[in-house]
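Me: I have a protein model open and want to learn how to read it. Can you take me through a few features?

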Amino acid sequence: MITPSYEADVLVVGAGPAGVAATIMAASLNLRTVVVEAGQVGGKLHVIGALDNVPGDWSTGAQLAEALATDLDRVQRAGRCSLIQARAVGVTGHNDRAELGLEDGRVLTAQAIVVATGVAPLTPLDADWISAPAEVSPPPLWRTKPADLVGRTYVLGGDRPLGTWLRSYPNCSTTLHVLHPSADDYKITEVSGDRRVRLMPASHVTVSRLTYGTGWDLQVRNRHGESKSYVAATVLNNLGNKPAALRGLAVGEDGYCPPAAQHPRIRIAGDLRSAQYQRIATAQGSGAEAVLAGYYSTVLQHT
């Protein structure tokens with residue numbers, strides 16, 4: 001039997017918290033590791049204003065992102081991994097190898113692949129409870145500063161960045177009117193006691209620009225079927241995320257990628273696993289676990 005030649009023992013796709021944790025674990029096992037990242041190390045951590053549920057005494061996501069970049073640089077300088085700046089588009093698992101396709105046409109091979117591509121922001125067009133013209137694109141809450149809030153402010157969606165934003169700006173006194181569907185009910189419990197938040201459960205919202213002026217017109221139908229009109233000076237997007245799944249992954253009905261449904265050589269880590277476990281600490285743990293699982297079930301058998 002001919003042993004196939006691999007570019008790496010482990011390919012790690014994504015250099016966010018899960019991907020870097022996977023890389024550090026792989027390096028500790030002396031596995032030849034290649035990290036594929038299209039953007040910057042740390043990903044969306046760079047725009048998280050406050051951290052209070054991640055071990056390590058970090059106060060901001062940017063601090064943690066910088067630490068992850070330092071970790072990755074350390075293992076690169078030690079010759080234990082390499083970083084490729086490229087966009088991955090697809091994965092394929094075979095009996096003797098796993099393949100990663102890149103946007104530029106290259107195909108990389110490894111004994112195992114850890115996919116930690118995370119999630120991408122939802123837009124109003126992605127939400128079935130919102131009607132809006134294609135050109136309507138409210139700015140994301142997590143990139144907004146208190147000084148940007150002008151007049152009456154409405155937030156579309158009750159995703160968890162709302163709590164992070166409120167903790168980041170404890171002195172902001174602006175009231176946020178949060179329109180949220182029933183699917184977000186379990187997420188908004190952490191902010192329900194904040195006096196700066198007015199929760200507005202909704203079954204459907206129609207968003208449009210005012211015909212005259214610079215504000216927004218909101219037609220809101222509540223959970224009882226009653227409709228009201230509101231005029232907003234500021235509207236922000238807090239709808240949550242959609243999984244950034246690569247071609248070739250097994251995808252569930254919700255668009256996420258259950259780890260148990262994948263080819264044995266393909267491991268899923270981080271936010272891509274489920275909407276309910278989108279936490280930095282769980283992402284890091286899943287990245288390390290994905291490498292260990294692949295090591296014991298696949299890589300170790302061929303080394």
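Reply: We will go through a sheet, a helix, the cores and one lysine. This is a predicted model, so local features need pLDDT of at least 70 and side-chain atom pairs count only at pLDDT 80 or more, while totals for chains, interfaces and linings use all residues. Residues are numbered from 1 along each chain as its sequence is written, and side-chain values use heavy atoms, with hydrogens and water left out.

Me: How do strands make a sheet, and in what order do they stand here?

Reply: Strands of a sheet pair through backbone hydrogen bonds, either parallel or antiparallel. Strands (E, at least two residues) and helices (H or I, at least four) are DSSP runs, numbered from the N terminus. Two strands pair if DSSP finds at least two bridges between them. Here 4 strands form an open sheet, in the order S8-S12-S13-S14, with mixed pairing. S8 (130–131) and S14 (227–232) each have a single partner strand, so one side of each has no neighbour in the sheet.

Me: How do S13 and S14 pair?

Reply: They run antiparallel, over 6 bridges. Gln-219 stands opposite Ser-229 in S14.

Me: Which residues of helix H2 are buried?

Reply: Buried means under 20% relative accessible area, exposed over 50%, partly exposed in between (1.4 Å probe, protein chains only). In H2 the buried ones are Gly-61, Leu-64, Ala-65, Ala-67, Leu-68, Leu-72 and Val-75. Seen down the axis of H2, they fall within an arc of 160 degrees (taken from the directions from the helix axis to the C-beta atoms), so they line one face. The face turned away from that side carries the exposed Glu-66 and Arg-77.

Me: Which residues touch the most other members of the largest nonpolar core?

Reply: A nonpolar core is a set of buried Ala, Val, Leu, Ile, Met, Phe, Trp, Tyr and Cys residues joined through side-chain atoms within 4.5 Å. The largest has 28 residues, and Leu-64, Leu-72 and Val-114 touch the most other members. Strand S1 (8–13), helix H1 (17–28), H2 and helix H4 (280–299) each supply at least two of its residues. Another core, of 22 residues, lies apart from it and includes Val-34 and Leu-246.

Me: Is Lys-228 buried or exposed?

Reply: Lys-228 is in strand S14. Its relative accessibility is 53%, so it counts as exposed. Contact means heavy atoms within 4.5 Å. Lys-228 touches Leu-218, Gln-219 and Val-220, not counting residues up to four places away in sequence.
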